[in-house]
Amino acid sequence: MSEKEHAEGGVRFGMVIDLDKCTGCGACSVACQAENNISFRPDESNKLRSITWMSIFQLNNGRNYPDYKYAFLPRPCMHCDSPHHSPCTFVCPVNATTRDENNGIVTHIYPRCIGCRYCIVACPYHARTFNWWDPKWPEPMESMLSPEVSTRMRGVVKKCTFCQPRLLKARSKAYKDGTDPDKATYTTACADACPAKAISYGNLRDPHSDVARLSKDPNAFRIIEKLNTEPKVYYISTQDWIKKLSYNAVTQES
Amino acid sequence: MDFGRRAFLQFAAGAVGGSLLSPLPWQLAADSARWSQNWSWRPSPERGEITKAAGICTMCEGGCAIQARLVNGNRAILIEGNPANPLTGGGICALGASGLQFLYAPYRISKPMKQTKSRGDVSGFQPISWDEALAELGKKLSEMQAEGDSHAAAGIISSRPSSMADLWLQFFTAYGSTNLFRMPSAADGLKLAAQLTTGKASPFAFALGDAEYILSFGSNLFEGAGAPSAVFPALRQWTQGGKRSVKLVQVESRCSMTASKADRFLAVAPGTEAALAMGIAHLMVRNGHYDADFVKSNVFGFEDWTDGTGKKHEGFRSLVSSTAYSPEAVAKVTGLEAAQIDQAAQEFAVQPKALAIWAVGQPDSVNGIYHQLAFAALNTLKGNLKPNGLVTLTPEVPLAGLPPVQKQEKADEATRNGLYGFLDSVRAGSKQPIEMLLVHEANPLYSMPETKLVEEALKKVPTIVSFSSFMDETAAQADLILPDHTAFERCDDVVGVPWAPFSYYAVSTPILKPLLDTRHTGEVLLSLAGGIGGSVGASMPWKSYEEYLKFRVEGLAKSRKGAVADKPDVQIIKLSAGEAVKPNFTDAAELWKKLKAGYCWYDAPAAIAGFETVSGKLELACQSIGTKGAVADDKLYLPHFELINPSGDESEFPLLLVTYKPSFTAGGYLPNPPFMNKLIPNSVLKGGDVFTELHPDTAAKLGFSQGELVSLKTTQGEATVRVNISAAARPGVVYLPVGLGHKAYDNYVQNKGVNANSLTEVQLDPVSGMGTVWACRAQLRQV
């Protein structure tokens with residue numbers, strides 16, 4: 001976000017998740033799955049193979065009963081804003097994943113992806129998933145697949161796209177309405193679904209937006225900031241033990 | 001011509017270099033990438049016009065407003081929250097968001113089924129036509145009635161408040177059977193406590209949006225589910241900008257999500273929450289920190305009292321002042337420090353808007369009636385039941401009442417507490433045997449604790465009829481299945497939201513045409529009533545379920561009460577009791593139109609206007625307990641702490657097993673949809689093994705290590721589980737989540753863990769027969 005050798009728009013979509021409000025209900029994770037045609041398997045206990053774009057991590061303060069506390073941390077793709085490249089876009093050999101500098105969303109073109117999984121290795125947040133097998137839906141459930149989002153076969157990587165199809169829809173609507181598509185706003189499925197309204201989504205560069213204001217909250221922080229990935233997903237928590245855990249690493253949810 | 005090796009290599013290199021400069025290999029690479037994404041078995045969802053349909057989710061009692069996204073009007077591709085609703089603001093829970101996985105479930109029953117082999121043999125179900133199914137059921141019901149055996153028909157229906165429940169009640173009443181039961185829920189206890197103390201048969205409601213200090217006795221406020229419409233609007237308000245405006249004190253044994261988020265967590269031994277309540281009341285009375293004016297003018301039984309026969313009885317003041325409820329004594333019982341009890345009592349007493357809550361968000365009644373009365377006593381002492389107080393009663397929605405039935409005996413709504421007692425007598429082979437059991441929107445064989453009781457009782461029933469849309473555990477045992485439409489295919493309504501002080505009504509209309517050959521159970525009932533004729537037919541004159549709902553809404557329109565929330569910023573939870581709400585509809589047709597469009601109707605909370613007890617006051621000494629027969633001990637009229645002992649020998653079962661409802665399992669009637677399976681962490685489920693949670697000290701004492709396979713045994717049964725060592729668990733107590741262990745449906749649902757209900761036992765409350773599930777004795781052994 002500092003050196004700008006490429007043109008950037010006035011839009012940088014980001015997210016703020018208030019962990020004090022988050023109850024870990026999982027509505028965000030499920031809404032994401034429903035919106036994005038995410039497949040599922042009979043046994044989802046192998047978390048290395050389970051496909052969730054919005055994963056929910058469980059954190060605890062490590063203290064003994066009754067001072068033990070735990071919290072949930074929903075983790076979408078961070079859409080890292082590090083200069084020139086996000087960690088994942090930097091390593092892609094075929095440019096299947098790039099960061100759209102008009103709005104900051106790290107996108108992924110499924111037919112171009114060759115499945116080398118270099119980006120999965122590069123992502124420090126474990127935000128990317130891979131289709132090791134062709135996804136199979138029980139037949140009646142194929143009816144609930146949305147035609148607005150692609151279904152992805154084996155051999156490609158996929159991750160949270162900040163609901164890019166919704167952005168494209170909003171832009172199309174703006175074209176039709178005669179307004180500026182670059183100013184079109186939209187929200188993600190997870191932000192819409194959250195019953196606690198813990199997830200805010202919008203343009204970080206818009207000084208009037210909730211996300212811009214909340215991202216500057218004194219209790220706002222980002223995960224593993226020291227890696228200089230410049231994630232565009234901020235978290236808010238008044239609990240110090242949660243902030244401390246965010247400095248270090250993201251391990252696979254237990 | 002001389003064509004040497006060098007020339008060949010030059011030619012080859014040139015060919016390769018040349019073709020690389022041409023589009024050919026790049027195009028081939030791109031084409032094969034595209035080809036690999038377009039196998040013939042790749043689903044290609046049909047494109048078409050995308051439209052939205054508003055509705056109400058009826059998968060739990062929350063009644064959240066939803067909207068569905070449809071392709072070509074006949075294929076639903078998404079269920080999301082409806083942002084126009086002021087309560088949910090577009091939010092939805094994980095179960096609602098997975099809603100389509102039930103509409104399109106592979107385990108749906110596609111048409112009526114008849115069991116042709118032995119009971120429970122799923123392969124024996126043969127499809128029959130609706131005419132056949134209705135004829136068979138109608139014939140049996142008519143025969144039973146003709147022989148004077150109406151009581152031999154029994155029904156178990158959902159605890160969800162809806163017009164469907166009222167229709168069932170009408171049917172059973174007209175038919176002549178009092179054996180209609182609703183699945184047990186935590187609201188039963190709230191209703192009974194309210195009935196005993198106020199004389200009105202309506203559950204307590206808590207003004208979560210108005211309180212500033214909440215003393216929660218085990219309520220799962222932050223556990224993610226359980227009527228989100230009532231709870232989440234308040235929760236959203238509580239944490240604004242990093243500041244909590246409401247102080248929450250959580251009292252329970254396990255470090256739950258609510259305990260983690262509370263400002264203070266008072267960790268007590270399981271079941272002793274009411275001891276803490278009595279301890280706090282003790283201090284409030286001793287220090288004079290209670291609303292003395294309110295108690296003096298409006299409360300009966302605080303002081304010693306005399307009954308109708310002139311006999312003198314001990315009052316609450318005397319009982320609670322005993323040393324048994326001193327901070328030191330209560331500390332011993334609960335495991336807290338006396339200083340913590342002092343602090344809690346001090347805070348609760350001093351805070352002007354302090355509220356004691358319990359049972360909110362819990363699936364089962366975990367507190368016996370006397371414990372519920374203890375929690376209620378705190379609100380009484382605080383003066384919370386004043387007309388505009390923090391505690392009111394769930395208001396009645398002024399829908400049109402159903403036509404009066406000729407029969408004298410009414411299938412008493414209070415019998416909903418008696419389901420356990422009923423099943424017990426069926427199992428024992430009572431003098432009035434049950435011939436037929438009808439089950440609708442309920443799965444008692446799975447969802448009821450003490451599964452053995454349900455299993456053995458069902459064995460005694462010759463005919464089981466299920467209206468389930470899914471081949472669930474109970475439907476698998478049925479002799480006849482008349483499948484209902486699923487939630488989003490049928491006309492339905494939500495009459496009030498549990499625990500909410502405001503009045504609420506919403507109608508759900510189908511988002512698309514029914515997919516399979518199913519029928520709305522309401523219409524099946526109307527059809528059966530018509531077939532049986534006589535007073536039954538006359539009591540249910542509607543031709544369709546929609547006509548019936550329109551009839552009810554007419555009453556609502558005529559009442560000129562409440563308004564439709566057609567703007568998202570209506571502050572429903574901020575309405576105070578008795579506040580005037582101006583109707584924004586002119587007639588029933590307009591109201592129906594707005595309800596159909598997905599807007600909800602609401603009204604202000606109902607101020608408590610007088611009490612209908614024997615004394616005409618709010619009773620701390622519940623005199624109506626005496627009407628059930630001789631009361632041996634004065635304390636049986638009063639709130640007090642007394643744990644109903646679980647069965648089993650402590651030496652054989654040294655641990656206590658407590659079940660808990662996590663946010664990532666679907667509660668009640670529906671199983672976990674595949675989307676929600678991903679939410680279950682490995683510390684709870686791995687493969688087919690569920691983990692029981694125990695404290696490191698307990699594990700060390702038993703010599704268990706993390707992940708070890710052990711046998712968990714209670715007096716009800718035994719299961720093999722794995723050990724999860726966690727400091728969230730109270731030492732000496734083991735915890736098991738509910739919602740797993742299904743044996744029916746399909747391989748996405750089945751065989752994941754153990755049904756916690758099969759291990760728990762139900763204690764029958766001595767006064768009401770209400771079942772409580774607070775803990776059972778358990779042992780853990782190496783396998």
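**Domains and interfaces**

Analyst: Happy to! Chain B is divided into domain 1 (50-103), domain 2 (113-185 + 398-496 + 510-544 + 553-561), domain 3 (199-395 + 612-637) and domain 4 (655-782), with bounds from an automatic or database domain assignment. This is a predicted model, where local features need pLDDT of at least 70 and side-chain atom pairs count only at pLDDT 80 or more, while totals for chains, interfaces and linings use all residues. Residues are numbered from 1 along each chain as its sequence is written, chains are lettered from A in the order in which they are written, and side-chain values use heavy atoms, with hydrogens and water left out.

User: What separates the centres of domain 1 and domain 4 of chain B, in Å?

Analyst: Taken over C-alpha atoms, the centres are 31 Å apart. Six residues from domain 1 of chain B and eight residues from domain 4 of chain B take part in the contact, meaning heavy atoms within 4.5 Å.

User: And how much area do domain 1 and domain 4 of chain B bury between them?

Analyst: About 650 Å², 78% of it on carbon and sulfur atoms; buried area is the accessible area (1.4 Å probe) that two parts lose on being put together, summed over both. Leu95(B), Gln101(B) and Phe102(B) supply 66% of what domain 1 of chain B buries against domain 4 of chain B, more than any other three residues.

User: Switching topic: how many residues does the contact take from chain B and chain A?

Analyst: Chain B gives 77 residues and chain A gives 69 residues. The two chains bury about 5,900 Å² between them, 59% of it on carbon and sulfur atoms.

User: How many salt bridges does the rule find across the interface of chain B and chain A?

Analyst: Three. One salt bridge joins Glu80(B) and Arg166(A), with the closest N and O atoms 3.3 Å apart.

User: Last one: is Ser711(B) buried or exposed?

Analyst: Ser711(B) is buried, because its relative accessible area is 4% and buried means under 20% (1.4 Å probe, protein chains only). Among the residues that Ser711(B) touches, not counting those up to four places away in sequence, are Leu780(B) and Val783(B).

Methods: Buried < 20%, exposed > 50% of the residue type's maximum accessible area, 1.4 Å probe, protein only. Salt bridge = Lys/Arg side-chain N within 4 Å of Asp/Glu carboxyl O.
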